[in-house]
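Reader: Hi! Could you walk me through the pockets and the surface of this protein?

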Amino acid sequence: MATVNLSDYKPLQLTNAGSYRIGIVVSEWNDFVTHNLRDGALEVLKTEGVNEDNIKVFSVPGAFELNYASMQLCKERKFDAVIAIGCVIRGETPHFDYVCSAVAQGIKDCNILTDVPTIFCLLTDDTKEQSVARSGGSLGNKGVEAAVTALQMIEFKRNLSEKKGNIGFGNL
């Protein structure tokens, strides 16, 4: 578990970010955390030059629903990347473990079953205080990190596509 602020990043200086299309799926459960994560992601995307009209935010009831919504956005092929934002705080039952595992597997499935990078931004903390610290508090904002990751993965995919004809197995 991170104990330092990992959300500081150097500007990416992307030359074509204005054309990037990004879908953001946000869980309404624990919205005192997820809305901060969403806002951190939006701030980075706008700062890096992504056109606001190319960023679409979708709300879902809870973390479990992130899988369905993210997969549907991936299947539409309208987005260069999808960011799945949620927060699950451990309770007194094993429900936490099931939800966290299912969401991790679902986002993994988006990444291996589609060609759209899908970014996992699900806080899985033991306490409310830990979630607050990671959503704009003393440990930064994981939404910032998710947005940076999305931009980097779009660049990775575009660079890979441009070089596809020149890449042999030894270069992958």
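Author: Happy to! In this predicted model, the largest pocket holds about 230 Å³ of space. Of the 13 residues lining the largest pocket, W29, V88, I89, H95 and V99 are the closest to its centre.

Reader: Which strand and which helix each supply at least two residues of the lining of the largest pocket?

Author: Let's begin with the make-up of that lining: 8 nonpolar, 4 polar and 1 charged residues. At least two residues of the lining come from each of these elements: β3 (81-89) and α3 (95-113).

Reader: How much space lies in the second largest pocket, and which residues are closest to its centre?

Author: The second largest pocket has about 190 Å³ of space. It is lined by 11 residues, and those closest to its centre are D115, P117, F156, K157 and L160.

Reader: Which helix gives the largest share of the lining of the second largest pocket?

Author: By class, this lining has 5 nonpolar, 3 polar and 3 charged residues. F156, one of the residues closest to the centre, lies in the helix spanning residues 142-163. That helix supplies 5 residues, the largest share of the lining, and its name is α5.

Conventions
Residues are numbered from 1 along each chain as its sequence is written. This is a predicted model: local features need pLDDT of at least 70, side-chain atom pairs count only at pLDDT 80 or more; totals for chains, interfaces and linings use all residues. Side-chain values use heavy atoms; hydrogens and water are left out. Helices (H or I, at least four residues) and strands (E, at least two) are DSSP runs, numbered from the N terminus. On a 1 Å grid over the protein atoms alone, a cavity is a set of points where a 1.4 Å probe fits but cannot get out, and a pocket is an open set with protein on both sides within 12 Å along at least five of seven lines; lining residues have an atom within 4 Å of a point. Grid points are joined across faces, edges and corners, and a volume is the space filled by probe spheres set on the points. Ala, Val, Leu, Ile, Met, Phe, Trp, Tyr, Cys and Pro count as nonpolar, Asp, Glu, Lys and Arg as charged, and the others, Gly among them, as polar.
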